Amino acid sequence: MTIDVAVVGAGISGLTAAFRLRQRLGPDARIDLYDAGERTGGILKTVDVGADGRGSVLVDVGAEAFIVRRPEALGLVTELGLADRVVSPTGRRPALWASGRLHDMPRPALMGIPATPDAVAGLVDRPDLERMRTEPDRRLEWAPGTDVSVGDLVADRFGPSVVSRSVDPMLGGVYSSLAADIGVREALPALAAQLDAGAPSLTAAVGALLANPTATGPVFGTLVGGYRVLVEALLDAARPDLRPCAAVTDIRRDGSRWALFTGDRPAGAGASYDGVVLSTPAWTTGHMLRREVPDAASTLLAVERAGSVVVSITLAPDTALPDNSGVLVATGEDLRAKAFTLSSRKWAHLGEPGGALSVRASFGRYGQPIPGEDLEPGIDDRLREWALADLDRVCAAAGIEPLTGRVVETFVQRWTLPRYAPGHLATMAKVEESLPAGLALAGNAVRGVGVPACIGQAGRAVERLLGDLGA
């Protein structure tokens, strides 16, 4: 029996789903891959910058790295024969910009939550240091199953300056949201599990996790050549019928099958399938499901958006940079950027002698969106100016000459992530359970925004779908 399957959304989730479907269904299966845009990859985008005679470099302007301590991404890369392209960071650590100067990042800490007062001495307010010292002696009100924001929990137990100067900078780069906008179970499930199990204090819970790490070695890895090589390898292995510039807007029952529509018209000849994997952003998926699964659609449409902008800056060879992997910015500082990645300090292959250098500046987060050129003409030029002005301040603090005048090229890229509010994961689990047979949900809104989480969820979506179809 031949099974016809559609995958909607050609980001890392959709590409992985198409690959897993090909593996399970064989070479003769029909697998159509739809995407509203002209290219594949979604939030993975590699660009060749600086190709003007002064040296070029391939850089990722979306996701840049993946967690190697989780098995999904490293496993997929290895499966595709790309393990020799995986590299680890140089070992340089990020710095923190707070109170108008550079600091070392607090350590030991769990995603910015310090294990001891000494870890944040000289960084946070004195009353909050005392609050941390006495925290183990104060009763912790925590009911198993509770889900509050990371910011509310840490502010209550350790004080607000710990949140703004240590936790916000760490979480903001991953979720494009402040700690007060992100759930504990969503961002730190292991911490929630410790608290559920009866940890008597936040200090005890953080200490227990840091004392018993689940893995050793580098935390992050990236691919030489950028994520482009993974996207291309997935396309080659999955061999889908790629349908670009096809924005699916509706899914309708077609007997025992599912028909896809763009506007009021079928998405194309034969756009009817035994099953569909939906790997588009939550609100896009919700729009598609509003006719057939209205309750799930309403929930997905209600997922809030956290916008972010990356300004990729290519610098002339031998430009001096701070000796850090990046700089995270505390909340409330007068820098406009929220973080900088000094990519050519973080990754050795991007900092080879004589080659162009790469730096990324990040702007925007949930509740603080950066408009597009259509709404605010000239905003991209201002973002470039802000990025360079902020970088010059950081360089001055590190005793380095300004970067202005060393710029070869800049590239502005916008991305949108779902907000991982308290209760988000439980809500998404209910949405998954409510979907009728033949529909499966993937994408970064389901079980995590990182590349490994998306790869893992794509695999689960395929297993669910094939189970529905008896394949």
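**Note on the predicted model: helices, voids, aromatic pairs and backbone**

1. D318 is exposed, with a relative accessible area of 63%; exposed means over 50%, buried under 20% and partly exposed in between, with a 1.4 Å probe and protein chains only. D318 sits in the loop between β18 (305-315) and β19 (326-329). Its phi is near 70°, a positive value in a residue other than glycine. Helices (H or I, at least four residues) and strands (E, at least two) are DSSP runs, numbered from the N terminus.

2. The model is predicted, so local features need pLDDT of at least 70 and side-chain atom pairs count only at pLDDT 80 or more, whereas totals for chains, interfaces and linings use all residues. Residues are numbered from 1 along each chain as its sequence is written, and side-chain values use heavy atoms, with hydrogens and water left out.

3. Helix α1 (residues 12-25) has 14 residues and reaches 20 Å from its first C-alpha to its last. That is close to the expected 20 Å, the expected span being 1.5 Å times one less than the number of residues. Because 10 of its 14 residues are buried, α1 is largely enclosed by the rest of the structure. The buried positions are I12, S13, G14, L15, T16, A17, A18, F19, L21 and R22. Their cover includes β1 (4-8), β2 (30-34), α2 (71-79), α9 (228-238), β17 (275-278) and α15 (451-469), where contact means heavy atoms within 4.5 Å. Just after α1, G26 takes a positive phi of about 90°.

4. Helix α9 may be read alongside α1. In α9, V229, L230, V231, A233, L234 and A238 are buried. These buried residues pack against α1, α2 and β11. Just after α9, R239 has a positive phi of about 50°.

5. How many cavities of 30 Å³ or more are there? The count comes to 3. On a 1 Å grid over the protein atoms alone, a cavity is a set of points where a 1.4 Å probe fits but cannot get out, and a pocket is an open set with protein on both sides within 12 Å along at least five of seven lines; lining residues have an atom within 4 Å of a point. Grid points are joined across faces, edges and corners, and a volume is the space filled by probe spheres set on the points.

6. The largest cavity has a volume of about 90 Å³. Of its 14 lining residues, L58, V59, D60, E64 and L350 are the closest to its centre. Two or more lining residues come from each of β4 (57-60), β11 (220-223) and β21 (357-363), and β4 gives the largest share, 3 residues. By class, the lining has 5 nonpolar, 6 polar and 3 charged residues. Here Ala, Val, Leu, Ile, Met, Phe, Trp, Tyr, Cys and Pro count as nonpolar, Asp, Glu, Lys and Arg as charged, and the others, Gly among them, as polar.

7. The second largest cavity has a volume of about 40 Å³. T280, A282, T285, L300, L441, A442, G443, N444, A445 and V446 line this cavity. Its lining has 6 nonpolar, 4 polar and no charged residues.

8. The second largest pocket has a volume of about 220 Å³. Among the 15 residues that line this pocket, the closest to its centre are L335, R336, A337, R365 and Q368. The lining divides into 7 nonpolar, 4 polar and 4 charged residues.

9. The structure holds 3 aromatic pairs. Rings of Phe, Tyr and Trp (its six-membered ring) pair if their centres lie within 6.5 Å; planes under 30 degrees apart count as stacked, over 60 as edge-to-face and the rest as tilted. Y34 and Y273 form an edge-to-face pair, 6.3 Å centre to centre with 90° between the planes. Y34 lies in strand β2 and Y273 in strand β16 (residues 272-273), so the pair ties together parts 239 residues apart in sequence. Y34 counts as buried at 0% relative accessibility, and Y273 is buried with a relative accessible area of 0%. Y175 and Y420 form a tilted pair, 5.9 Å centre to centre with 50° between the planes. This pair links Y175 in helix α5 (residues 160-175) to Y420 in the loop between β22 (407-418) and α14 (424-434), 245 residues apart. Both Y175 and Y420 are buried.

10. Two further backbone features deserve a check against the model. Most residues other than glycine have a negative phi, and most peptide bonds are trans. The peptide bond from R107 to P108 is cis, with omega near 0°, and P108 lies in the loop between β8 (101-104) and β9 (109-110). S99, in the loop between β7 (95-98) and β8, is a residue other than glycine with a positive phi, near 55°.
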